[in-house]
Amino acid sequence: MATMVHVIVGARPNQMKAAPLLKALRSSPDFHPVLVDTGQHYDHEMAGIFMEQFSMGKPDICLEVGSASHGVQTARILERYEAILIEHRPGAVIVIGDVNSTVACTLAAAKLGIFTVHLEAGLRSFDRGMPEELNRMVTDVLVDLLWTPSPDGDDHLRAMGVPEERIDRVGNIMIDTLVSMLPSVEAKEHWRTYGVPEHGYAVVTLHRPSNVDQPEVLSGILDLLLDQAQSLPMVWPLHPRTRARIEALGRLDEVEAATGLHLTPPLGYLEFMSCVASSRCVITDSGGIQEETTWLGVPCLTLRPNTERPITLTEGTNVLTTPSSLREDLKRALEGPTRHDVSIDLWDGGTAERCVTSLRKHLR
Ligand code: UD1
């Protein structure tokens, strides 16, 4: 009989990782995958549009937790998901990434003794000020099987004392999505909507609390972007958190009217990746975009003091930057090549299949 496997999605960055895994599980006779959406992200443009573009189908279970403080949001997911687990008793639960839904569902499943797997295990920024770092640490302590994207992940888990047989390096699942969607991404040419020249604009994404929650930090970043956009056009899909913070600063009208700066609501995957793939460079504080730009060979400036994805620095196109060094780093990036030749082991489109093989082996 096929084993019931819950695949958990909560926030936007989970979607592009769940899609290829679900597809691979659905095509295996050994598994009956059930898509559980916690509802941490609930707007169509933050969640539903991805499920549509990836043909994931509607979630089988929706917990509808919505936004709240971290404690309340995590607690709501824990409470609601525990009830579902008691009713369903799945053979395995797969949690993804580092969002509040990841840690909450892990805790619920682990306490009930249900076999739990972490996809994208082992990543560490060693920055406990990031909510995601706490989520990663707790999740990796509790799960039974840890799927890592790169050797640094394995090293961090070994250092925690995780036994070797519970670590499987499966590769980078987000690259599965990029590999399979690339023809549609390239055909989309969404960047043309903004009237920017191919390879002659930057894509900006910012939403980390460390960049947007303190008014003086955010204001300094805005000054810089407004200035740079005069010579390098920028396409900036605004995360709801960032939009709210700019509005609170009283600077939304100014930013919306700025020369060279094209603000948009959050974009779907095809639209967003089309903008990234044809850009000159990307300025971001996202985790996943550091990996996507690396695979595409697009120069990436990450506005953070650290990264849980160091392979994008050593083998990829990523450079860490700060508000005070961004101007200089951007200049350097624009003097360098438009595209880099990058190839990283197991970032190859075959991760979902390796996950299914690993799950079969461990559940046997
Ligand atoms: C969450 C993740 C982060 C991920 C990011 C991607 C955690 C701890 N953080 O942060 O790792 O990089 O998602 O987007 O899990 N909001 C909407 N519509 C939505 C969702 C949120 O308007 O669909 C608003 C909320 O009301 C809140 C803000 O956006 O004001 C932030 O949302 P929240 O889910 O708290 O965290 P993110 O910053 O999105």
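Visitor: In which sense do strand β2 and β3 pair, and over how many bridges?

Guide: Strand β2 (residues 31-37) and β3 pair in the parallel sense over two bridges, and D37 stands opposite C62 in β3. Strands here are DSSP runs of E with at least two residues, helices are runs of H or I with at least four residues, both numbered from the N terminus, and two strands pair if DSSP finds at least two bridges between them. Please keep in mind that this is a predicted model, in which local features need pLDDT of at least 70 and side-chain atom pairs count only at pLDDT 80 or more, while totals for chains, interfaces and linings use all residues. Residues are numbered from 1 along each chain as its sequence is written, and side-chain values use heavy atoms, with hydrogens and water left out.

Visitor: What is the order of the strands in the open sheet?

Guide: Seven strands form that open sheet, in the order β3-β2-β1-β4-β5-β6-β7, with parallel pairing. The edge strands, β3 (61-62) and β7 (167-169), each pair on one side only.

Visitor: And β11, are its faces covered or open?

Guide: Both faces of strand β11 (residues 281-284) are covered, since C281 and I283 on one side and V282 and T284 on the other are all buried, where buried means under 20% relative accessible area, exposed over 50% and partly exposed in between, with a 1.4 Å probe and protein chains only. Strand β8 (residues 202-205) pairs with β11 in the parallel sense over four bridges, and V204 has I283 as its bridge partner in β11. β11 also pairs in the parallel sense with strand β12 (residues 300-303), over three bridges, and there V282 has C300 as its bridge partner.

Visitor: Switching to the ligand: which residues are closest?

Guide: The closest are Q40, H41, D43, E132 and H207, out of 20 residues that surround the ligand, each with a heavy atom within 4 Å of it. For polar contacts, which are pairs of N or O atoms within 3.5 Å, a nitrogen atom of the ligand is 2.8 Å from an N or O atom in the side chain of D43. A polar side-chain atom of E132 lies 2.6 Å from a ligand oxygen atom, and an N or O atom in the side chain of H239 is 3.0 Å from an oxygen atom of the ligand. Taken alone the ligand exposes 740 Å², and the protein buries 84% of that, with accessible areas coming from the Shrake-Rupley method with a 1.4 Å probe.

Visitor: How many salt bridges does the structure hold?

Guide: It holds 26, a salt bridge being a side-chain nitrogen of Lys or Arg within 4 Å of a carboxyl oxygen of Asp or Glu. In one of them the side chains of D140 and R124 meet at 3.0 Å, N to O. D140 lies in helix α5 and R124 in the loop between β5 (116-119) and α5, so the pair ties together parts that are 16 residues apart in sequence.

Visitor: Are D140 and R124 buried or exposed?

Guide: D140 is buried, and so is R124.

Visitor: What does D213 meet in a salt bridge at 2.8 Å?

Guide: That is R245, whose side chain meets the one of D213 at 2.8 Å, N to O. R245 lies in helix α10 and D213 in the loop between α8 and α9, so the pair ties together parts that are 32 residues apart in sequence. The side chains of R241 and D213 also meet in a salt bridge, at 3.0 Å.

How values were computed. A polar contact is a pair of N or O atoms within 3.5 Å; within protein, one must be able to donate a hydrogen and the other to accept it, and residues adjacent in sequence count only if both atoms are side-chain atoms.
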